[in-house]
Amino acid sequence: MTAKTLLELPEAFEQYRPLIEGTLKPVVLIDTEISKTTLFQSKFAGDPYFPLAMDYPKNKKGQPLKLLAQINFAEVPKHLPNFPKEGILQFYIDGYDDVLGMDFDNGQNQEGFRVIFHEQVTQDEAQLIQDFSFIELDDEELYFPVEREMALSFTTGVEPMSIDDFRSNDKYASILTALENDEVLEDSFYDAMTGDGHKIGGYPFFTQEDPRAYGDYKDSIIMLLQIDSVGDNILWGDCGVGNFFITEEELMNKDFSKVLYNWDCH
């Protein structure tokens, strides 16, 4: 199957197909289903796989972080270059914090969030934390974007660079110039090139701006995970989106200590 049959474009943009297809990148799309999960399963929210021998992640006040997402790569199609083939990758954020652990001055500061990779996964549940009641908070205190535990399933695809990616202004300069006097077509292009949805890899979606456009984050071009405000049970602020980014070298080295975390909303 060729990329031409994979990428659907509105007819008005067929003339730009070679340019757009030049940006195609593999992506693993994530579907959710409200469901109780095992400690090992890929999930949004719910209880994590966590060995008793490890220190559970906490914020700087010593309060426990809450599992946002867990990806068991044994369940993920082998589609993305440099990603782990097995092991469990976890994303924790601060439910005690009204900005969910994000540091606006340093998106790589993991005091309010944590990305943990379990390269070796033990199947012996006696070695794992079973009771996570120490994380539960009163509803009125808890800030958290995912309201229900969800099991995840995965499908592979490719996608073009999204219009929100900080590199798109340069990459799509000729298209944007050609469309600037046609508001309807320009809006249609923006709609066609959105990067919304839940996914691993591919290109991001933002409701504001790409934090990688400035500062020290320009090498963080790999999207580890994006969780969007989809359905009734996921909501980042006022219908926003959360993303995590890493450099190619860090991903190859399985070094998740400098992951860039961002979320924004309207």
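A: Start with a backbone atom. The backbone nitrogen of Cys 265 lies 3.2 Å from a polar atom of the side chain of Thr 207. The model is predicted, so local features need pLDDT of at least 70, side-chain atom pairs count only at pLDDT 80 or more, and totals for chains, interfaces and linings use all residues. Residues are numbered from 1 along each chain as its sequence is written, and side-chain values use heavy atoms, with hydrogens and water left out.

Q: Which side chain does the side chain of Thr 207 make a polar contact with?

A: A polar contact is a pair of N or O atoms within 3.5 Å; within protein, one must be able to donate a hydrogen and the other to accept it, and residues adjacent in sequence count only if both atoms are side-chain atoms. Here the partner is the side chain of Asp 264, at 2.8 Å.

Q: Where is Thr 207 found, and is Thr 207 buried or exposed?

A: Buried means under 20% relative accessible area, exposed over 50%, partly exposed in between (1.4 Å probe, protein chains only). Thr 207 has 16%, so it is buried. Its place is the loop between β7 (199-201) and β8 (222-228). Strands (E, at least two residues) and helices (H or I, at least four) are DSSP runs, numbered from the N terminus.

Q: How do I read aromatic pairs?

A: A pair of aromatic rings is described by the distance of the centres and the angle of the planes. Rings of Phe, Tyr and Trp (its six-membered ring) pair if their centres lie within 6.5 Å; planes under 30 degrees apart count as stacked, over 60 as edge-to-face and the rest as tilted. The count here is 17 aromatic pairs. Phe 40 and Tyr 49 have ring centres 5.7 Å apart and planes at 50 degrees, so this pair is tilted. Phe 40 is buried at 12% relative accessibility, and Tyr 49 is buried at 1%.

Q: What kind of pair do Phe 117 and Phe 256 form?

A: A tilted one, 5.5 Å centre to centre with 50 degrees between the planes. Phe 117 is in strand β5 (residues 113-118) and Phe 256 in the loop between α6 (248-252) and β10 (260-264), so the pair ties together parts 139 residues apart in sequence. Both Phe 117 and Phe 256 are buried.

Q: Which residue has its charged end over the ring of Phe 245?

A: A charge sits over a ring if NZ of Lys or CZ of Arg is within 6 Å of the ring centre and within 35 degrees of the ring normal. Arg 212 does this, 4.3 Å from the centre of the Phe 245 ring. Lys 66 lies over the face of Phe 144, 5.1 Å from the ring centre.
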